[in-house]
Amino acid sequence: MEPSFWHEKWQLQQIGFHQNQVNPFLVKYWSHIGLNENTEVFVPLCGKSLDMFYLAEQRHTVLGCELNTLAVEQFFKDNDLTYQVTHTDEHVVFSADQVTLYQGDIFTLPKSATASISGFYDRAALIAWPEEMRQLYVKALAALIPANVSGLLITLDYLQETLKGPPFAVSPDWVKSYLTPYFNVELLECVDVLADNPRFMNKHVPWLNEAVYKLTRKP
């Protein structure tokens, strides 16, 4: 997707991808990552996700990357967080006590920004990309995750022809084909969540599977 697509969505507040509650899979399975308190967690394409606030409540420091300025500003405003702004060559950096968000393109985020992370969490990044861009994103993500670092990946899978993405359908076979070169992949759970998603039901999508994986970056 072109950056203009996402900027327009945020400007018009057409942000159906934003969840008004913490993702249940995050709550259920985050402990499987086994991180200590005060460790840093990376959230790519973070938007203004409440999941970041949940991770901060687990006493992690959160490092996010988000393309749109409005999304970043709304995250801090919605959570009553005072922030400071600095600049790098490619990104504007918004920082509060436990949360630092890099506003800009994830494809230009330097490896040094994520060098100290101990975990990561992808709920809305992988499924935001159509096929060709998704493959490029996987390579970019793998470059940003240090060896042996684990995280959670949450995907959606459905009959792509029934609904124009995003979110785009990502099947277990796709995960196996394109992620296993870089990560050890463990499926933790997969459930049909169609009944909880009226947009998909209204488009007569026959099923909608949400899956959560534990990924560990290979050395």
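## Thr155 in strand β7

Thr155 belongs to strand β7, which spans residues 150-157; helices (H or I, at least four residues) and strands (E, at least two) are DSSP runs, numbered from the N terminus. The model is predicted: local features need pLDDT of at least 70, side-chain atom pairs count only at pLDDT 80 or more, and totals for chains, interfaces and linings use all residues. Residues are numbered from 1 along each chain as its sequence is written, and side-chain values use heavy atoms, with hydrogens and water left out.

Thr155 has a relative accessibility of 1% and therefore counts as buried. The term buried means under 20% relative accessible area, exposed means over 50%, and partly exposed lies in between (1.4 Å probe, protein chains only). When residues up to four places away in sequence are not counted, Thr155 touches Leu126, Ile127, Val170, Val175, Asn209, Glu210, Ala211 and Tyr213; a contact requires heavy atoms within 4.5 Å.

## The overall fold

The protein contains seven helices and nine strands. Its radius of gyration is 16 Å, close to the 17 Å that the globule rule gives for 219 residues, so the protein is as compact as a globular protein of that length. This radius is taken over C-alpha atoms, and the globule rule is 2.2 Å times the number of residues to the power 0.38. Along the principal axes, the C-alpha atoms fill a box of roughly 45 × 40 × 30 Å.

Of the 219 residues, 48% count as buried. Among contacts between residues at least 6 apart in sequence, 70% join residues at least 24 apart. The protein exposes about 10900 Å², and carbon and sulfur atoms supply 49% of this area; accessible areas come from the Shrake-Rupley method with a 1.4 Å probe, and for residues only the protein chains shown count as cover.

## Cysteines without a disulfide

A disulfide is a covalent bond between the sulfur atoms of two cysteines. The rule applied here asks for a pair of cysteine sulfur atoms within 2.5 Å, and by this rule the count is zero. The sulfur of Cys46 is too far for a bond because the closest cysteine sulfur, in Cys65, is 7.1 Å away. Cys65 is accordingly in no disulfide. Cys46 is buried at 4% relative accessibility, and Cys65 is buried with a relative accessible area of 1%.

## A loop between two strands

Ala96 lies in the loop between β4 (92-95) and β5 (99-103). With a relative accessibility of 18%, Ala96 counts as buried. Leaving aside neighbours within four places in sequence, Ala96 is in contact with Phe76, Leu81 and Thr82. Ala96 and Thr61 are 35 residues apart in sequence, and their C-alpha atoms are 9.9 Å apart in space.

Most residues other than glycine have a negative phi, and most peptide bonds are trans. Asp80, which is not a glycine, has a positive phi of about 55°. Asp80 is placed in the loop between α4 (69-78) and β3 (84-87) and counts as exposed at 70% relative accessibility. Asn148 is likewise not a glycine and has a positive phi of about 75°. Asn148 is found in the loop between α5 (131-144) and β7, and is exposed with a relative accessible area of 55%.

The peptide bond from Gly165 to Pro166 is cis, with omega near 5°. Pro166 and Pro167 are also joined by a cis peptide bond, with omega about 0°. Pro166 is found in the loop between β7 and α6 (172-179), and Pro167 lies in the loop between β7 and α6.
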